[in-house]
Structure formats: C-alpha cells, structure tokens
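Work through the exercises below with the model open. Try each task before reading its solution.

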Amino acid sequence: MAIAKEVINNFTKSVIESMKKNGSNWNKMFGDNLDPINVISNKRYRGINWAMLSFDCEDKKYAHNIWATDKQWASLNAQVTKGSKGTPIIFYKPPVYKKNKDTGDREKIKWAVKRDSTVFNVSQVDLSNSEYKIPVRKTGKQYSIEEIDNFINETKVIIKHDDVNRCFYVPSKDYINMAPKDKFKDTKESNATVHYYSTLFHELTHSSGHEKRTNRIKTNLNKFGSHSTEYAFEELVAEIGSILLGHQFNIEKTVRDNHAKYLNSWIKALKKDYTLIATAFAQAQKAVDYFMEDK
C-alpha cells in the first residue's frame with residue numbers, strides 16, 4: 001500500500017511539473033499515441049494506469065504504447081533488455097468473501113488492497129526469439145463525425161444552442177449548451193471539428209456527474225474544504241474525461257480557450273493532496289464507462 005501511494009505521488013509530481021512547463025498544452029504530456037495495451041490480454045490499461053503509461057510512452061518517445069510485466073514477456077519467449085527500468089502501475093486485489101455456515105450470508109474476510117506492479121514497454125524487449133509481432137496500426141486522425149454524433153444522441157443528454165458564444169453544462173437543469181459548430185475555427189493545433197468535439201466531450205463529462213448518472217457532483221460537494229478546490233477538481237475530471245473520450249473515437253483532445261486559468265488551481269490542489277490525480281482519473285474513467293457501456 002505504501003509503495004502504491006509513492007507511485008501515485010511520484011506521478012503527480014511529474015504532472016505538476018508538466019503543467020508548469022507546458023501551460024495550457026499540459027495534456028500534450030500524454031502524447032498522441034494509441035491507448036496503452038497489455039500484450040497478453042490485448043486490453044487497454046485504464047484510469048491512472050492509462051495516464052502513467054501514456055505519460056511514460058511520450059516522455060521516453062517509445063514508438064508503441066504496448067506493455068507487459070517481465071513474466072508476461074517471458075511467456076512469449078521475449079526477453080526484457082538487461083538494465084531496463086520498468087514503469088510502475090497500480091492494481092487492486094479484490095476483497096475475499098466466505099459463506100457463513102450458520103446464516104448463509106457472504107462475509108468479507110479480506111478487504112480490497114491497492115498494490116503496485118512494474119511493466120516494460122515493447123521497445124525495452126528483445127523479440128528475436130519470440131513469435132510475437134507488433135501490430136501494424138493506422139496512424140493519424142481517423143474520426144467519423146457520424147459515429148460521434150450517434151454516440152452523443154445515445155447518451156440522451158440534452159444539447160442546446162441557446163447561447164451561441166459559450167459552452168457549458170447546467171447541473172440544475174441537466175443540459176449542455178454548445179456554441180454552434182461554425183463558431184469553432186481551424187487553428188495550428190487542430191481543425192474546427194476536433195475543437196468542437198473535444199469541447200463537447202468536456203461538457204459531456206460534466207453531465208455524467210448528475211445525480212441520475214454517477215452522482216459525482218453532489219458526492220464531491222464540500223468534500224475538498226473549499227469551493228475553489230471543488231470547482232478546480234471537477235474541471236480537472238472533465239478535462240481528463242475529454243481526453244479519454246477523444247481516445248475512444250481517435251481524436252486528439254484540444255485545448256479550450258479558458259483552459260489555462262484552471263492550471264494554478266490544479267497545481268495548488270495537487271500539491272496539497274497527491275491522491276487527487278488518481279481520484280480524478282478514476283472519476284473521469286467512471287464517467288466514460290457510464291456513457292460507453294453497451295455502446
């Protein structure tokens with residue numbers, strides 16, 4: 001548990017330094033590579049592990065976001081290169097239950113425990129004796145406007161265009177206001193379409209916190225001791241949710257015009273409590289899972 005906490009603390013320090021260094025482009029620290037996947041299960045790493053592995057992949061300039069433990073690579077007759085430094089990840093051992101002979105009820109005999117593990121990128125592995133082949137994947141922006149629009153419609157979240165100059169979510173009335181698409185312009189960072197959808201994903205993540213969905217907003221009310229920290233935390237969750245949803249549809253999240261003003265609040269909050277970054281990613285992942293379920 002102590003080591004797992006240290007892993008999160010160290011990662012949070014890296015996030016803070018990236019925010020200071022990159023300003024409103026802090027999200028670039030996750031790179032534009034594909035989501036990190038495990039070589040054995042072929043499943044994507046999620047939550048805080050998604051962040052830590054994507055961060056390391058970008059920081060180390062690895063060509064592929066593919067990972068596994070030393071033991072998993074060995075099962076494929078692949079050898080981690082001697083002297084390679086792995087990347088820590090976090091996992092939870094689920095609670096253990098036992099049936100009470102007298103009552104027939106399930107009783108918890110062991111609680112869930114947070115653990116850490118170490119994985120290695122495929123770039124750190126000798127594949128010469130292995131049959132494993134790195135998948136050939138298409139690169140570049142590949143997004144379907146129709147696919148995203150269909151997904152948004154399936155969420156059943158109300159989208160209005162009453163205010164043509166602003167984008168926001170109204171919790172009390174549970175609707176999103178979006179400026180029309182023609183208000184979004186091409187920039188050197190990305191095109192107008194991607195700007196529009198990354199902003200919509202941000203507001204959609206906010207809407208996931210409504211009490212009839214994940215109830216995140218009410219649950220976090222007064223949780224952080226100050227309204228400013230509470231507000232900054234919710235904005236951080238929404239920004240992370242926008243990144244994760246963008247990855248679901250293969251678009252790169254773009255920077256909102258008012259994004260930079262939140263940075264100091266985030267840095268201040270993260271310095272006070274390093275566990276906030278893990279909590280923010282967990283809640284953003286929960287938001288994405290809510291909308292992506294059965295999609």
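Predicted model: local features only at pLDDT ≥ 70, side-chain atom pairs only at ≥ 80, totals over all residues.

Residues are numbered from 1 along each chain as its sequence is written, and side-chain values use heavy atoms, with hydrogens and water left out.

**Exercise 1. The cores**

Task: find which residues touch the most other members of the largest nonpolar core, and which elements give two or more residues to it.

Solution. 
- Start with the term: a nonpolar core is a set of buried Ala, Val, Leu, Ile, Met, Phe, Trp, Tyr and Cys residues joined through side-chain atoms within 4.5 Å. Buried means under 20% relative accessible area, exposed over 50%, partly exposed in between (1.4 Å probe, protein chains only).
- The largest core has 43 residues; Phe 11, Ile 48, Phe 151, Phe 201 and Leu 204 touch the most other members.
- Elements are DSSP runs numbered from the N terminus: helices (H or I, at least four residues) and strands (E, at least two).
- Two or more residues come from each of α1 (2–22), α2 (47–59), α4 (145–155), α5 (192–208), α7 (227–248) and α9 (275–292).
- The largest share, 8 residues, is from α9.
- A second, separate core holds 11 residues, including Val 39, Ile 66, Phe 120 and Tyr 132.

**Exercise 2. The sheet**

Solution. 
- Strands pair if DSSP finds at least two bridges between them.
- β9 and β11 (residues 175–177) run parallel, joined by 3 bridges. Lys 160 has Asn 177 as its bridge partner in β11.
- Tyr 175 is buried, at 12% relative accessible area.
- Tyr 175 touches (heavy atoms within 4.5 Å) Ile 158, Lys 160, Phe 168, Tyr 169 and Val 170, not counting residues up to four places away in sequence.

**Exercise 3. A helix pair**

Task: describe how α2 and α9 pack.

Solution. 
- The angle is about 115°, and the axes are 7 Å apart. Axes are lines fitted to C-alpha atoms, for helices over the stretch in contact; angles run from 0 to 180 degrees between N-to-C directions.
- α2 is therefore roughly perpendicular to α9. Cut-offs: under 35 degrees is roughly parallel, over 145 roughly antiparallel, 65 to 115 roughly perpendicular, the rest oblique.
- Gly 47, Ile 48, Trp 50 and Ala 51 of α2 meet Ile 277, Ala 278, Phe 281 and Gln 285 of α9.
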